[in-house]
Amino acid sequence: MPRTAALPRVALPAALLACCLSCTGGGGAPPAAAGAPGAGDRLFPQAGNGGYDVTHYGLDLSYDPATGRLSGTADVTATATERLGRFNLDLSGLTVGSVAVGGHPAGFSRSGDELTVRPAGPLARGAQFTATVAYAGVPRTLTDPDGSKEGWLRTDDGAVALGEPVGAMAWFPCDNHPSDKAAYDLTMSVPDGLTAVSNGDLAGTTHSGGRTAFHWRTSRPMATYLATVAIGRFTVTRSAPPGGPPQYTAVDPRSDDPGTAASLRRIPEILRWESGLFGPYPFASAGAIVAHLARGQGGYALETQNRPFFPGASDPPAVPLNTLVHELSHQWVGDSVTPRSWQDIWLNEGFATYTEWLWAAHEGGDSVDTSAAAAFDDPASWTFPPASPPTAADLFATPVYRRGALVLYELRRALGDAEFLRLLRAWPAQHAYGNASTADFTAFCAHFTGRDLTPLFHTWLYDAAKPAHL
Ligand code: TRP
Ligand code: ZN
């Protein structure tokens, strides 16, 4: 989203003129730079790009489940943060037919997962522009450094897009880093009888020529890794629970069993309980997506914004309650407050795991002390400190989840219940709809409590060694 208010829209002829001046060296205009091909993430150096901030993705796409072909256009509206002669978008696979910037044909080239765009003339710093990319092809399934599958995953009657950490680039050109959040409009055309479900709110559907186009609008800023679309035969349930956000759930008919239905019916109650912990639910709508992936194609749930995703292929219930509680908690910690960089991922997973501990105790299961002791005793919790996953393959490793949750457990012991619970509510408010780093969190805690928490964070968050005891 824009960091600055009202920015000038630069007309292209002026930009062209500026180019000529800089080329002849007489104008004093600085040379037009190339936007960096990465956002500077230690774990994913190629992810994201430099030189601009995206404010809106307008995706107008069509999918054919029979051939697996996706086609359409992406309008990427952004603000140049430096004077730009060229800039990159991230795109993995697919064929680009044309690129335009501000409606004028632009040059482009591909190299690996980088799409380099050369506008007809440089973009001034502060200029708002729209890059229109026309593309098509059979999108790829990506394999992450940890071996898990993401990107575009086919199902027997459609497909699902999952984007954590870098899968978004398999289905649309983007600034593929959590630090650049934006609003979205996605229109997905599918054969009649199929449903396309995505993030945000259903703004409308249109029918023509045996196809239905679903228009989904996400007005709150969303990181690319949280964008999803699921295409297939779904049982759709819409409801307006009293006092909660309207709900849209899409469930593969094969997972439409009593156990799954019982879990999903508890979404309003879980959101109410989590609002008590984290403050008001941050989005205008809620729900869930349950789809059957092909075998070996990812057995993990994902906190896709508004509407978390659950794989339906495992034994029923497809949506275990603790997993549902985990993914719904991410709507506050992860989706509204998004990690600044990938090494800050414990701010998502540590909080969501701690929420699971609280839920278990709330439901009469294990006490929080029991959950914390189990996490402490697990040798897998201690292979690295949660604040610094050593490699991209460690993003979803045990220390991020369980030792991350122990950080909060220890913080509660240090602060006492009342102050800790006030802090837990204040944190999502502090960075609502934005980004936050580990340093932002520790600074916030120190400021909020007026205490020196350096030793606590050293021991539980940063130190490689396992403490002697809880
Ligand atoms: N972020 C997901 C969660 O809610 C988990 C996840 C996403 C994941 N991608 C993954 C787990 C890859 C393992 C491997 O916890
Ligand atoms: Zn999680």
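## The open sheet

In this predicted model, four strands make up an open sheet with mixed pairing, and their order is 17-18-19-20. Strands here are DSSP runs of E with at least two residues, helices are runs of H or I with at least four residues, both numbered from the N terminus, and two strands pair if DSSP finds at least two bridges between them. Strand 17 (235-239) and strand 20 (309-311) stand at the edges, and because each has a single partner strand, one side of each is left without a neighbour in the sheet. On average, neighbouring strands of this sheet are turned by 15° against each other, direction ignored.

Strand 17 pairs with strand 18 (residues 247-251) in the antiparallel sense, over five bridges. Threonine 237 has threonine 249, in strand 18, as its bridge partner.

## The zinc site

The zinc ion (ligand 2) is coordinated by His326 (NE2), His330 (NE2) and Glu349 (OE) at 1.9 to 2.0 Å, where donors are N, O and S atoms within 2.8 Å of the metal (3.2 Å for Na, K and Ca), and sites may look incomplete because water is not among the atoms. Along the chain, the donors of this ion follow the spacing H-x3-H-x18-E. Histidine 326 in helix 4 (residues 321-329) and glutamate 349 in helix 5 (residues 346-362) are 23 residues apart, a pair that links distant parts of the chain.

Histidine 326 is buried, with a relative accessible area of 7%, and glutamate 349 is buried as well, at 1%; buried means under 20% relative accessible area, with a 1.4 Å probe and protein chains only.

## Basis of the values

Residues are numbered from 1 along each chain as its sequence is written, while chains are lettered from A and ligands numbered from 1 in the order in which they are written. Local features need pLDDT of at least 70, side-chain atom pairs count only at pLDDT 80 or more, and totals for chains, interfaces and linings use all residues, while side-chain values use heavy atoms, leaving out hydrogens and water.

Conventions: Axes are lines fitted to C-alpha atoms, for helices over the stretch in contact, and angles run from 0 to 180 degrees between N-to-C directions. Buried means under 20% relative accessible area, exposed over 50%, partly exposed in between (1.4 Å probe, protein chains only).
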